[in-house]
Amino acid sequence: MLAAQIIINALVLGCLYACIAIGFSLVWGVLNVINLIHGSIIVLGAYLAWGAYQSMAISPWYVLPVAVPVFFVFGYLLQRLLLNRVLHAPVLVTLTLTFGLDLILNNAMIYFFKADYRKLTLKPPMGSVSLFHVVVPVDRLIATVLALALTGLLYLLLRHSRVGRAIVAVRLDRDAAILMGVDVRSIYAIAFGIGAALAGSAGVLMALIFPISALTSSSYLDKAFVVCVLGGLGSVSGALAGGLLLALVEGIGSAAIGPAYATTLSFALLIVFLLFRPQGLLGRKGFE
Amino acid sequence: MKRANLALLIVLACLAALPLVGGAYALRLGTMACMYAILALSWNVVGGLAGYPSFATAAFFGFGAYATGVLLNAGLPLTMSILAALLGSFVLAGLLGSVLLRLRGHYFAIASLSLVGVLRELVNNATDLTGGGMGLNIPLVSGSSILADATFFFYAMWGLLLATALMVIAISASKLGFGLVCIRQNETAANMIGLNATLYKSIAFGLSACFVAAAGGLYAAWVHYIDPSDVFDILYSVKPIVMTLMGGLGSPLGAVCGAFLYLVLEEVVWRNYIQIHSGVLGVLIVALLLLLPHGLISLRFRKLWRKAKHV
Amino acid sequence: MSEILRLDRVSRRFSGLQALREVTLGINKGEVLGLIGPNGAGKTTLVNTVCGVTPANSGTITFDNQDITRIKTFQAARLGLSRTFQIVQPFAEFTALDNVAAAALFSRPGESLKSAREEARAHLAFVGLEAQASQSAATLTLAMRKRLELAKALAMKPKLLFLDEVNAGLNSAEVERATKLIHQLAADGITIVMIEHLMKVVLNVCTRIVVLHNGQMIADGEPRDVIKNPAVVDAYLGQQYAQRNAANG
């Protein structure tokens, strides 16, 4: 059934989108920083997975537990050493700064890895499962499950750990958090580190599904933007809602008016939401 | 007239003498310098004066490039095509502005950024009109030699820069400029004293777009071939911001100096480190923002302040 | 006396909270109306609704025989409605002079920056800030900023002036000074509505008091009568005040 296939594809893609966006959403929601390096970090994670498979035949699922701490440290240091300095600067400065950092990272990747598109194909290929005429490739399915697991882990972290509660506190009311004894600078660095870890891990998973090249970093970033605006900032449920909505709109739109207009459609949706509901489906008003 | 604005006009007057001392290469650089200065000065109106961090510059640059390209292909003379692009973009930006400028801070920045993507996709898809992804060929406007061609476009871009500078100077002395500065400081209070903030912001957005579009149009005529990812490039939105930050936010003289300085740096890096030139740009941006958040103008003030203290 | 502002069953709600409930109020030209009530009663919301900041959900508002229910903030300012803010909102980078000049410049057509600046000096002198004219607004003390706010409101040549807790945060000498200014304004014929918690000032200056509680008007009349009203005592003034007042006669 075509409709069912479209829906299932959208659900799978939606979870992947949510995984791409959740790190970005966390950083934006907690630090009020639009992290333009996000897309490049995802690509870096993808290269990591590809490199591991090419040179050591290690499958991406085994790269994942390594990627998380590595990228966390990367993000933590980036925040602590550089971004902390412009934390209270206007949005102009932080956007331009992260743009500059993205130029550096992106250029470095093109320099070392060249811009050619790589593909990570598992040998032997994992095939696909079929249920009631709906087909889903197995590797994409596993990636989706892992993506959901990651977002679930983040949710548990934010809900049940001290660090997580502190992050939420800072997001809700920074000044009150300071009064409660939260070391905000440290929380900022941790949140950014988590954001980077999620981005890198998302990249590892994306390596299986999408072609890998530094040139794709802006399309990941665009997706993350749209998901955040649609779903709302700083929350796991927001990222999931936004991801699913975007994937559904794209899927149904593609089927109805053709794939060429799918990107235009997502941009248009972005602008509509910005104008009429900037806090997104599940967000709270006032996060400028 | 303020001293800084007078200095700006003097700088521009000196620049006009470039064809007397330089050959085709210098003229090419000079034309780019003028173009960058137009972008930076224009951005300063909405970003520096009004305080709205717009990332839409590339959207209007591309709009102007394509509007002019299409009109030139239809047989219209260059001046008319550029003028049409200028007026069309002013109206378009004014309309879009009245809607987008309701957003503040981050949301406005992102909305303006998405404008670039939306226009790029629209142009990409309108293949019959614009050639889509295959690009648009633009008829040559000046026949003769390379040098004559280079001189023509240099003076054309210089003239546009002069017009932009005069516009900006006029604004800074006018009620509009005063109102924009009020809006930047406290938009609620501005509304409370009877200032129609939406109108003022829309006009500012329109003015920040129209000369950018004209510059885009000249660029298209100059290079004879454009494609969507070339002119709707986010860098055309970010570079003017970096230039203005380099020179000092809010100051027209600073914006122009920042633009010239940036061009020199860009050319030096391109000639010597082409493979890593965007990385070097990134390093420049990071260094600038972390070390000199108030631009080069702040250096001058600090020196003067130290002198004054010793008196 | 002619009526200058009329609210007719005006309501305003914010998500779960009904801030104004069918408020009906007529204000006469030249009155000095005290608007009192506990925190959260809807006093500032009333001002915001009249001035177009938070438009009314239902009801009508008429100013000078014009329907201003759906008006935009800047239009209200140009019609002659002026207000001060509880938390002062100056243009921080501007000098005191330019702050006031801005108000004169944009609230009326046909002004130039030059003439606005000349006018501004007079308004600054009226509130006693002529010495601070070239100082940046950010460097002024709170009391000075409140007076600057007043000068700005006056530069708009208002027909009706809303004063929102002008005395909050001021010491008694500053309060006395502010009260004198308000007396002067009333004498000049400007209709004034003051939101105020200091009963001493209210009784001193106001010709009429309106009491708001939970978005509703619970009393309206002469100051001496209103403060004796049991509903008002219950909701706001408290028994101690009532007893003290009765003792003083």
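Here are a few exercises on a predicted three-chain model, each with a worked solution.

Some ground rules first. Residues count from 1 along each chain as its sequence is written, and chains are lettered from A and ligands numbered from 1 in the order in which they are written. Because the model is predicted, local features need pLDDT of at least 70 and side-chain atom pairs count only at pLDDT 80 or more, while totals for chains, interfaces and linings use all residues.

**Exercise 1. Work out the fold of chain A and check its radius of gyration against the globule rule.**

Step 1: get the elements. Helices are DSSP runs of H or I with at least four residues, strands are runs of E with at least two, and both are numbered from the N terminus. Chain A has eleven helices and two strands, in the order α-α-α-α-β-β-α-α-α-α-α-α-α from the N terminus.

Step 2: check the size. The rule is 2.2 Å times the number of residues to the power 0.38, and the radius is taken over C-alpha atoms. For 288 residues a compact globule would sit near 19 Å, and chain A agrees, with 19 Å. Its C-alpha atoms fill a box of roughly 55 × 45 × 35 Å along the principal axes.

Step 3: look inside. A residue is buried if 20 or more other C-beta atoms lie within 10 Å of its own, exposed if 12 or fewer, and partly exposed in between, with C-beta atoms placed from the backbone. In chain A, 51% of the 288 residues are buried.

**Exercise 2. Find which pair of chains has the most contacts, and say what chain B brings to it.**

Step 1: define a contact, which is two residues whose C-beta atoms, placed from the backbone, lie within 7 Å. Two pairs of chains touch, and A with B has the most contacts. No contact joins chains A and C, whose closest C-alpha atoms are 12 Å apart.

Step 2: count residues. The A–B contact takes 33 residues from chain A and 32 from chain B. On the chain B side, α6 (105-125), α13 (235-247) and α15 (277-291) each supply at least two residues, and α6(B) gives the most, with twelve.

Step 3: sort that side by type. Ala, Val, Leu, Ile, Met, Phe, Trp, Tyr, Cys and Pro count as nonpolar, Asp, Glu, Lys and Arg as charged, and the others, Gly among them, as polar. That gives 20 nonpolar, ten polar and two charged.

**Exercise 3. Describe how α11(A) packs on α6(B).**

Step 1: take the geometry. Axes are lines fitted to C-alpha atoms over the stretch in contact, and angles run from 0 to 180 degrees between N-to-C directions. Helix α11(A), residues 262-276, meets α6(B) at about 150 degrees, with the axes 9 Å apart.

Step 2: name it. The two are therefore roughly antiparallel; the cut-offs are under 35 degrees for roughly parallel, over 145 for roughly antiparallel, 65 to 115 for roughly perpendicular, and oblique for the rest.

Step 3: list partners. Among them are Phe267(A) and Leu274(A) in α11(A), and Ile110(B) and Val118(B) in α6(B). The residues of this contact divide into ten nonpolar, five polar and one charged.
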